[in-house]
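Dear colleague,

I am passing on the structure below, together with a short account of what was found in it. Please read the notes with the model open beside you.

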Amino acid sequence: MSTPVRPAVLVLLVVVAVAVAVVDQLVKAWAVANLTEGVPVQVLGDLLIFRRVANPGAAFSFATGATWVFSVIAVAVVVFLVWFARRIRSVPWAVLFGLLLGGTIGNLTDRLTRAPGFGVGHVVDFILVPWLLPAIFNLADTAIVTSMCLFVLLTLLGRGIDGSKRPARASD
């Protein structure tokens, strides 16, 4: 017998996704309006630097010539997440999927609406923490990475999407 759908969990997922996507786009609009592309601005010395770049690729500017492929993959991820959401019964999993959905929508919005054109637009990245990562990223990326960290944590804790706790397996 399956656990009944919990509307509050679905509402939470949608609220998190919308909040992430909207805040991501607002902050990117601020970055485009206030940061000159390629010019570093020290926010907290060398700990936090804003440096706006237009990223045509994936993480670490991987596969810059395949921007349209990332758009197609992002659309597929959004469709899957919306379809799969009805199975989620747990608040932590709703937050995880909301972060992932919102981050994916945030970067997909760039790919669909920014230069050089529909489906091949460059993602606005501007956050640089050189002591931690060599990459420049944005809030959508942060939401996606946070969702993956939460995924690992929930999996290690044995928490199912239905909210159940799986017993720890005995060592072999």
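**An exposed leucine and its surroundings**

Leu-132 sits in the loop that lies between β3 and β4. Please keep in mind throughout that this is a predicted model. Because its relative accessibility is 53%, and exposed means over 50%, Leu-132 counts as exposed. Leu-132 also belongs to a nonpolar surface patch of about 670 Å², which it makes together with Val-41, Val-43, Leu-44, Leu-47, Trp-131 and Leu-133.

As for the sheet, the four strands form an open arrangement in the order β1-β2-β3-β4, with antiparallel pairing. Its edge strands are β1 (41–44) and β4 (136–137), each of which pairs on one side only. Between them in the order, strand β2 (residues 48–55) and strand β3 (residues 123–128) run antiparallel and are joined by five bridges; for Ile-49, the bridge partner in β3 is Leu-128.

Turning to the protein as a whole, there are four helices and four strands, and from the N terminus on the elements follow one another as α-β-β-α-α-β-β-α.

Terms used. Residues numbered from 1 in each chain as written. Predicted model: local features only at pLDDT ≥ 70, side-chain atom pairs only at ≥ 80, totals over all residues. Heavy atoms only, no water. Helix = DSSP H or I, 4+ residues; strand = E, 2+ residues; numbered from the N terminus. Pairing = 2+ DSSP bridges. Patch = residues over 30% accessible without salt bridge, like charges linked within 9 Å, V, L, I, M, F, W, Y side chains within 5 Å. Areas by Shrake-Rupley, 256 points an atom, 1.4 Å probe, with all protein chains shown as cover. Salt bridge = Lys/Arg side-chain N within 4 Å of Asp/Glu carboxyl O. Buried < 20%, exposed > 50% of the residue type's maximum accessible area, 1.4 Å probe, protein only.
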